[in-house]
Each structure stands twice: as C-alpha cells, then as structure tokens.
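Please read them beside the sequence and the structure.

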Amino acid sequence: MLEVRDLCKSFGGLDVTKKVSFALEPGERRVVLGPNGAGKTTLFNLLVGELLPTSGDILINGASVTALSVDQRAMAGMSRSYQKNNLFEDFTVRENLALAAAAGLSKEKWIARDSFHDPEVREIVLDVANQVALTDILDAPVHSASYGNRRQLEVGLALATRPKILLMDEPTSGVGPGMIGAFNKLISDLPRDLTVVIIEHDLDLAFDVADRITVLNYGDVVFEGTPDETRGNQIVRDIYLGDWQADA
Amino acid sequence: MFHQTPARSFTLAVVLAALVAYATFGGFFAREIVIEIAILAILAISLDFVAGFGGMVSLFHGAVMGLSAYGYSVLTAKFGIHPIPAAFAGIFLAASFGAAVAAIASRTSGIFFIMATLAFGQMLYTIIFKSRWLGGDDGMGGIPRFDASWIGLDFNDSLQFAIFAVFGIAVCYGIAALLLRSAFGRTMCGIHGNEPRMRALGVSTWKHKTAAFAISSAIAGVAGVFAAQHTQYISPELLFWTVSGEVLIVVILGGLGTLVGPVLGAAIFVLLKHEVGNYTDHWHIVVGLLLIVTVMAGGRGIYGQAEHWITGRSRKARESLNA
C-alpha cells in the first residue's frame, strides 16, 4: 500500500532521515516510535510532501508519488493529522469538517452549488463527528472549543477526506488518560481496509493498536517488528524504553 | 465564512434604494455622483471578494478596471465594434490579466503578494501611459454608451444611466454573494483561514486562488466598462496605483469581509469627497480621520462595527432572557 525506499533528508550537514525503508500492507496499523528528535515528524512531512527528500522514493500502490505535491498526494489517498493542532480556527466544527469532506469528494470547486448543503458532504460530517465524539459541539466555533475537542477535530479533519492511508502525528499529545482510551477505541473502530501510520509516545496505546512497530533513532530505522518482539528487544529498550523509564 | 444575513440584505436594499432616489430627485449633479458611487462600489465588491474572503489584498484592482475600460474603448471607438461584445471582451481581458498576475503572485503571500500586484499594475499603467496608439497621457475619447433603445431606454440620459449603474451594483453583489456561498467560495475562505491545511486536504490552493482572482478581476472589469461609458473618455490615470489604494481604503472603511460594507463605504467615500470638497480641497484629511477612527475602533469598518454591536446586543439580550 505505502512503501518507502531508502528515504534520506538532510538539513545542511544534519542528516535527519537516513535511508529509511519500510512497506505497509493494505489495512496495516503501523506505529512509529522513537525518542524526541528521532525524525518521526520529518518522516511524516516527507511522506505527505511538505518536505522534499534529499534522495529515495515514496510509493503508493507501487506508483511513485515522490514528485507529487502535497495536494496531489492527498488526492492519491493520503491524509494526515498534525502534532500541533492545525485547524480552521475562525470556523465552526461543522464548517471545518465540511471543508475537508468537500475536498475529499473533489467537490471543493463547484461554483453553482454549496458543498455545505450537499447530502454526501453532510453525511460524512455527521459520520466523522460521531467517530471523533464532536456531535454535540458541531456548531461551536473552533477557537472556543477545548484543547481536547480540538485534538479530536484534528483527527476528524484527516478522516473527513476519506483517505486510504491515514497518518496521525501524536494524536494523543497533551490529552489526559481518559481521552487516550477514547483514541484507542477510535483507532480500533476504523475500517480495517484503512492503512494507518501513527506516531505515538503512549506505549500502552502503541502496543495495543499496532500490527507492527517501527523504531526510529537519529533518523535510522533501528528496529521493526510486532509489538511482542518490540517489548523484548534490547536495542529498543536501550534507546527508547530506557529513556522513557529514566524520564518517568 | 460568508453569510448573507438579513441585516446585510436590508442594508444593501437601503443603500441601493437611496441611490436610486437620490438620482431620481437630485438633478444632474446627483446622478453623476450616483454613477461615481456605483463604479467605486462594484470595484470595492470585486476587491472585497478576494481581500476580505480570500485574504489576498491587492493593489492592482484599479489597473484591472482600467484595462477593461481600455479594452472596451479601443474596440468600440477605434474599431467600431458593437458595445455589448466589446464590454464582454473588456471584462474577459481584465479576467485574463488578473488570472495571469495571480498565477505568479499567489505563490507568495502577505506583503509580497501586495507588492507583486502593485508591480504588475504599475507595469500596465506605464505601458498604456507610453502608448501613443492608445493616446498616451492624453487618453482616449469618443466612447459610446450601450444602446438600449431596443428595450425603450436611453443610456445617454443621465438618470437612466445612473439607475443602470445602480442595477450593476446589485448584479455584481449578487454574483459575488452566490459565489461566496458556493463550494468554491467556501474553499476560498478555507484557504484564507489555513492555506497549508487546505493543501493537505487535497486542494490545489494556488489554482484556486488564481481562479478567485480571475473572478474578482472580471467584476472589476464590469466597473471598468461603466467607467468608460460614464465619462466617455478615459485616461491612464484610471490605472494608477492610487486608484487601487483608494478602493482598498473604501473596503476597509466600509468593512472588509462583509461584502455589503464596501458598497456602503463607496457611497460614504464619494459623498464625503463632494460634500467636504465644497469647503476645502483637503477632503482627504476628513476621509483619513474617519479611517483612523474606524481602524482604532477595532478595524471592522463602519458596517462591520455596526454589525458587531447589533449581534453583541442581541446575544446579550438572549443570554439575559435565558438567565
């Protein structure tokens, strides 16, 4: 479904991504782990096209998308949520979701009809609002919503384009344990044919939802395996769990 | 996001009715003022469409209007082409120029975007200013108005032409409002709100912005056709960047991003110019003071500020009812 071959990215003399390769099966749930500065978000930025790689190739269904722009890759079925909320602050929750849904349905260019009143768009808006538990505040402006609600909307925007590949950058960053449980359920309830890549710091959530785990350190893939293999792996313990335990 | 609220429809209806009444009962000079207001109002609508809702502040709308005026004038006065196809050609020319400039400029944003539009606008001004064939700084005359005798109207009559110009405001406002309420307009507001996210959702934002500018330029082109027909004489002054600056002031004075505010702003601006102009040549001082006051009051403009007060009051009233 999504394949990365020898992806490299340098900023000047700093190699942030070093020959990263992996391949995702359709419907796979992949969690990317790694300490701060491991290059996880850079990897996402490369995948969606917000950064151009120094070398290497990104393929969707075997076709290279490396030369495509951000919007073209989104049209190819890739969608992401951001680590820092990146929303339409002045609009309501409903308007946010409707903008995303219309874009996903390629109805954003209609000049004679209103996408916000389109039945398909409305259906997606209600559907996604239900998925991310925002049904009650659909008509509230985003700038008045709580941080937790905005986190939910962040994921909701990514879902509303009806992607084939969903990239979530730390969806639970800054939220409490109650919401982590809700995200866990959200991810398990996603359709099984949706391929999902998640950057996650919450290890319980990571081990719960992942089919496979990729561990990055200083831009290198240092480990790839199932959650069980990850738990027992010494390198992973040293570079990631070790740090994590020391922090706690 | 654009909402055609009842308050906006009401304000538009009042302004348009007042213009018609003023033209009808005010005599020749009033009609000239009404036509001047209409041209400025249409130009302000076109600018608010991209600046207020698309976040793309431009300093070349005057040049776009002038280009359309020149297109219309050359075709009618020099080549004797029928005014109606000539008007469409002028509007098309304006839209094409707007699209071409936006295709380049919309890769930048903010102050760089403004400077790019200013540069292209001034280029066009200079070309026309230097062109002997177009009359250079002497301009061109002998421009005909539409011949509406087939529906029993005579646009050489100043009252009928004034009412036709007010009708032009209504049509341009309607087109802009419909587009803002379409998926296209929603997406444009989304790009204004958060362009990188819109791109991440799969929207080619620079194409969208280019199309928005083409539409806005077409509306500015309508103002150009009116401008050429009004005085039946045009000069490069129409394209000079201060014209674009003036219409930007009108939009801010009336209320950026309210669509009806700029129409009101145009009426206030032109009336002030003539009324204060009776007493002193320095009428700009009064406009400047008014602009400072509206900006200091919150930058919502005259209409925007009124709307803000009214919605704030009705919200308070609702809350006290609920309490």
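How many of the eleven residues of H7(B) are buried? Point 2 gives the count, after a word on the model.

1. Basis. This is a predicted model, in which local features need pLDDT of at least 70 and side-chain atom pairs count only at pLDDT 80 or more, while totals for chains, interfaces and linings use all residues. Residues are numbered from 1 along each chain as its sequence is written, chains are lettered from A and ligands numbered from 1 in the order in which they are written, and side-chain values use heavy atoms, with hydrogens and water left out.

2. Helix H7 of chain B. Nine of the eleven residues of H7(B) are buried, so the helix is mostly covered (buried means under 20% relative accessible area, exposed over 50%, partly exposed in between, with a 1.4 Å probe and protein chains only). Helices (H or I, at least four residues) and strands (E, at least two) are DSSP runs, numbered from the N terminus. Among the buried residues of H7(B) are B:Phe184, B:Arg186, B:Met188 and B:Ile191. The buried residues pack against H2, H6, H8 and H9 of chain B, and also against helix H3 (93-104) of chain A. Contact here means heavy atoms within 4.5 Å.

3. B:His192. This residue also lies in helix H7 of chain B, but B:His192 counts as partly exposed because its relative accessibility is 42%. Apart from neighbours within four places in sequence, B:His192 touches B:Gly52, B:Phe53, B:Gly54 and B:Gly55. B:His192 and B:Phe53 are 139 residues apart in sequence, yet their C-alpha atoms are 6.8 Å apart. The B:His192 side chain reaches the backbone oxygen of B:Phe53 at 3.4 Å.

4. The contact between the chains. Chain B gives 22 residues to the contact and chain A gives 30 residues. The size of an interface is often given as the accessible area lost when the parts come together. Between chain B and chain A the buried area is about 2100 Å², with carbon and sulfur atoms giving 62%; buried area is the accessible area (1.4 Å probe) that two parts lose on being put together, summed over both.

5. On the side of chain B that touches chain A, helix H7 (183-193) and helix H8 (195-200) are the elements giving two or more residues. H7(B) gives the most, with seven residues.

6. Cysteines. The whole structure holds zero disulfides over all chains, a disulfide being a pair of cysteine sulfur atoms within 2.5 Å. For B:Cys172, the nearest cysteine sulfur is that of B:Cys189, 19 Å away. B:Cys172 counts as buried because its relative accessibility is 4%.

7. A:Gln152. This residue sits in helix H5 (residues 147-160) of chain A. A:Gln152 is buried because its relative accessible area is 11%.

Conventions: A polar contact is a pair of N or O atoms within 3.5 Å; within protein, one must be able to donate a hydrogen and the other to accept it, and residues adjacent in sequence count only if both atoms are side-chain atoms.
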